[in-house]
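My notes follow in the order I looked things up.

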Amino acid sequence: QVQLVESGGGLVQAGGSLRLSCATSGRTLSSYTMGWFRQAPGKEHEFLATISRSAGSTYYADSVKGRFTISRDNAKNTVYLQMNSLKPEDTAKYYCAAADRNSAYDPTQYAIWGQGTQVTVSS
């Protein structure tokens, strides 16, 4: 049984930055491929980024490439999403998720999800 808890969301102005954290419990973070997703009101979950178990590889959606950076600290059982140059269209609830597989780029491939943290970007 693994539990994920996101934090770090809030209200920022366009062009600003936020760093989201996802703390894990129940199993060591290194056991999982990790991903970040978001969901805006009335929309489906959108894939943002993923990072491999040992942090050797990352993959980003085109919408956030060059602005967002996913990282992990397995010793602290925490994964991060650094978000820079935020835009109003980034406003959404952000979720971290864990997958017990070597690579995962689709929401259906992630079996464990956090409760989400709200990010609101004002213009």
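Entry 1, the disulfide. I am working from a predicted model. I searched the whole structure for disulfides and found 1. C22 and C96 form the bond, with their sulfur atoms 1.9 Å apart. I looked up the torsion about the S-S bond of C22 and C96; it is about 50°, so I noted the disulfide as right-handed. C22 sits in strand 3 and C96 in strand 9 (residues 92-99), so the pair ties together parts that are 74 residues apart in sequence. Are these cysteines buried or exposed? C22 is buried at a relative accessible area of 0%, and C96 is buried, also with a value of 0%.

Entry 2, the sheet around C22. I traced strand 3 next. Strand 3 covers residues 18-25 and pairs with strand 1 in the antiparallel sense over 5 bridges. C22 turns up here again, as the bridge partner of E6.

I looked up the largest nonpolar core and counted 36 residues in it. Those with the most contacts inside this core are L4, M34, W36, I70, L81, M83 and Y94. Several strands each supply at least two residues of the core, among them strand 3, strand 4 (33-39), strand 8 (78-83) and strand 11 (117-122). The largest share, 6 residues, comes from strand 9.

I listed the aromatic pairs and got 8. I picked out F37 and Y110, whose ring centres are 5.1 Å apart with the planes at 80°; edge-to-face means over 60 degrees, so this pair is edge-to-face. F37 lies in strand 4 and Y110 in the loop between strand 9 and strand 10 (112-113), so the two tie together parts that are 73 residues apart in sequence. F37 is buried, with a relative accessible area of 0%, and Y110 counts as buried at 4%. Y110 also pairs edge-to-face with W113, at 6.5 Å centre to centre and 65° between the planes. I checked the exposure of W113 too: at a relative accessible area of 29%, W113 is partly exposed. F37, Y110 and W113 belong to one aromatic cluster that also includes F47, Y59, Y95 and Y105.

Definitions and conventions. Residues numbered from 1 in each chain as written. Predicted model: local features only at pLDDT ≥ 70, side-chain atom pairs only at ≥ 80, totals over all residues. Heavy atoms only, no water. Pairing = 2+ DSSP bridges. Helix = DSSP H or I, 4+ residues; strand = E, 2+ residues; numbered from the N terminus. Disulfide = S-S within 2.5 Å. Buried < 20%, exposed > 50% of the residue type's maximum accessible area, 1.4 Å probe, protein only. Core = buried A, V, L, I, M, F, W, Y, C linked by side-chain atoms within 4.5 Å. Phe/Tyr/Trp six-rings, centres within 6.5 Å; stacked < 30°, edge-to-face > 60°.
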